[in-house]
Amino acid sequence: MAKMKITREDALTFHLQPSPGKWEIQATVPMTTQRDLSLAYSPGVAIPCEEIAANPATAYDYTNKGNLVAVISNGTAVLGLGNLGALGSKPVMEGKAVLFKRFADVNSIDIELDTEDPDEFIKAVRLMGPTFGGINLEDIKAPECFIIEQTLKEQMDIPVFHDDQHGTAVICAAGLLNALHISGKKIEDVKIVLNGAGAAGIACLELLKSMGAQHNNCIMADTKGVIYQGRTEGMNQWKSAHAATTSARTLADAMQGADVFLGVSAKGAVTQDMVISMAPNPVIFAMANPDPEITPEEAHAVREDAIVATGRSDYPNQVNNVLGFPYLFRGALDIHARAINDEMKIACAEALAALAREDVPDEVALAYGKKLSFGRDYIIPTPFDPRLIHRIPVAVAQAGMKTGVARRPIVDMDAYEASLKSRMDPTASILRGLNARARANQSTLVFAEGDDPRVLRAAVLYQRSGMGKALVVGRDSDVREKLTAEGLADAVDELTIVNAANTEYLETYKDFLYQRLQRKGFDAHDVHRLAARDRHVFAALMLAHGHADGMVTGATRKSAHVLELINHVFDAGPHDGAVGVTAVLNKGRIVLITDTLVHEWPDQNDLADIAERGASVARELGLDPRVAFLSFSTFGYPVSERAEKMHQAPRVLDERGANFEYEGEMTVDVALNRQAQEHYPFSRLTGPANVLVVPARHSASISVKLMQEMGGATVIGPILSGIGKPIQICSTVSTVNDILNMAVIAACKVG
């Protein structure tokens, strides 16, 4: 599988567009009328102020405190980059804030404090306490981070959590529990060697000791060698607490007979000889970033029995903090916790370990392009496992309640678990799965409109994302000029530019096209003009002859016109089985609207065909199809000749024995609103519809464009289904991301 490539320009553009930075603030209440403003601010706001002043606990009811975390840093230890200062750390902290939202629906604000004085830092954070439900400390160098965290924990009555320490420790512990389970060892018996006596290393050892590891079985080493009882050089109180009684003085000494190696140090710190000297079934967590202490390949070359984890996503068993901190805070916030204690961290680790031992859902296997099952190469769940959100916070909350840090214990755990499931946006996992499938397929895609900068950028992104090869129809000089203007001069040589002048197949293409069009009023000259000068036709001819696996077009011409041109090469008419299906993603929901492209005024049989194609596309996107035939009437009222075909179409599917849920005719609110559906208990739909079949193309088009412009929906499509080749037609208002989404759909051969 091709590796992802991220250039400097890609990273800067991502942070610059569509607006600088990575998050914005939106109001959750109406702010339109004078009454709204009077309630939001003066005079209405005085009432909750008085309530909170009288009873501080009600701040969790009347403000956003209960779902708000601050990500705070002074930038003294940014990633692997060192001391970049407070401002230099802001992109990382913004990134952490959006990870909180993406993975656990926790609102988060980044705060960068311009001081290296621990006392100043502590005072600033403590004074902000009333604002937040929790504090996530990040990228603060050791040993100051220990002083800062410990003091803030003592002084504040909300969770204070330094993720570089405890986040790494929790995931490490989860993986180690499973690695020891596989190797048949117990934590209280094993000899553990830790290399790297910084924040993460010390926290890892402390957590493992609280879980049963024995003090003298744990040997810590730093750049000066083993930390032993009596060592004086390069010591501090935190290292001294872990000084072992041992004769080992070097890392190589310590590794002899060791069961477990934990590395939070530097690339190449562990040699193959050290690995050879370890005990049977050794566990090696080489977590240095970006390059591990020893690679899995190097370790396995000398010890086939080793279980290896790293901090990297391109190796199995990634120790990834995103598995921990979002869910720890989610559980802590939901019980209005005063702290995140060891018991909550251990509960998180144990829940993660238990999850990895269970069968992996199909959608996760789909997303990773391979079947995952518990074993040496899968001891830690993947970050995109949809079960994390409703399993880990529950365990954390229960541990917090048991240990007395909950201000407001959860009474109904089943209801809490259900509420966690509803928090997450299912569209994110669908798009993630499609991207992974595209990477697995490695399709060669032809982008027909190489004269448009959006298309060129999407083609570059497709290729740099490791999804496959991008072919661009255009002129060399024009493509070079446009990419250079976009700041992507280095990408010119990455793309393959194709056109009638540089193909060896032009005569073959023309012969094929002439055979198709000679009895439709086209002469040889017309055919030459189409094949040699029209990008859409040329790209379609490449696809028809197997010179590409899929095609993306439509960004520069209206979709109806593009479809007309594609029809010269493929049979993509109303009675050829072609259907346009558009996916609309909005506020955590995905709905497919059909037919948005092909059928002008379908009859009931056409509508049944459209429903079948829509259901097929839904399944390919990982949805369980529920089809609604839409009208302005519901189940026969009001009576109208115009609604009759929508009334008849489900009967056509009855006769065909369709194997998916469908119902109609109905208004759109009955199709999508669970409460409205309750008025029709006889309906065959078991929940809100996700495939909407509309009466005509114009109503489909109006619906999609209205959602896009007024509702801010993400629109993917129309997905052209039913013509045997992946041809995806964007809209003329498509963004670079929209075009890339269409390329992913084509690469996955959806439709």
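Which side chain meets Asp110 in a salt bridge? I looked this up and found Lys90, at 2.7 Å from N to O.

**Ground rules**

I'm working with a predicted model, in which local features need pLDDT of at least 70, side-chain atom pairs count only at pLDDT 80 or more, and totals for chains, interfaces and linings use all residues. Residues are numbered from 1 along each chain as its sequence is written, and side-chain values use heavy atoms, with hydrogens and water left out.

**Salt bridges**

I took a salt bridge to be a side-chain nitrogen of Lys or Arg within 4 Å of a carboxyl oxygen of Asp or Glu. Side chains of opposite charge can pair when their charged atoms come close. By this rule I get 39 salt bridges.

Back to my opening pair. Asp110 sits in strand β2 (residues 107-112) and Lys90 in helix α6 (residues 90-104), so I noted a link between distant parts of the chain, 20 residues apart.

Then I checked exposure (buried is under 20% relative accessible area, exposed over 50%, partly exposed in between, with a 1.4 Å probe and protein chains only). Asp110 is buried at 6%, while Lys90 is partly exposed at 28%.

Lys90 also has a salt bridge with Glu112, where the closest N and O atoms are 3.8 Å apart. Glu112 is in strand β2 and Lys90 in helix α6, so this pair ties together parts 22 residues apart in sequence.

Next I looked at Glu144, which pairs with Lys141 at 2.7 Å between the closest N and O atoms. Glu144 counts as buried at 19%, and Lys141 as partly exposed at 30%. I also found a network: Lys5, Asp10, Arg464, Asp490 and Glu494 are joined by salt bridges that share partners.

**Second largest pocket**

My pocket rule, on a 1 Å grid over the protein atoms alone: an open set of points where a 1.4 Å probe fits, with protein on both sides within 12 Å along at least five of seven lines; lining residues have an atom within 4 Å of a point. The second largest pocket holds about 450 Å³ of space, a volume filled by probe spheres set on the points. It has 22 lining residues, and Ser559, Thr596, Ser701, Lys705 and Ser731 are the closest to its centre. Which element gives the largest share of the lining? I found α31, with 7 residues.

Terms used:
Helices (H or I, at least four residues) and strands (E, at least two) are DSSP runs, numbered from the N terminus.
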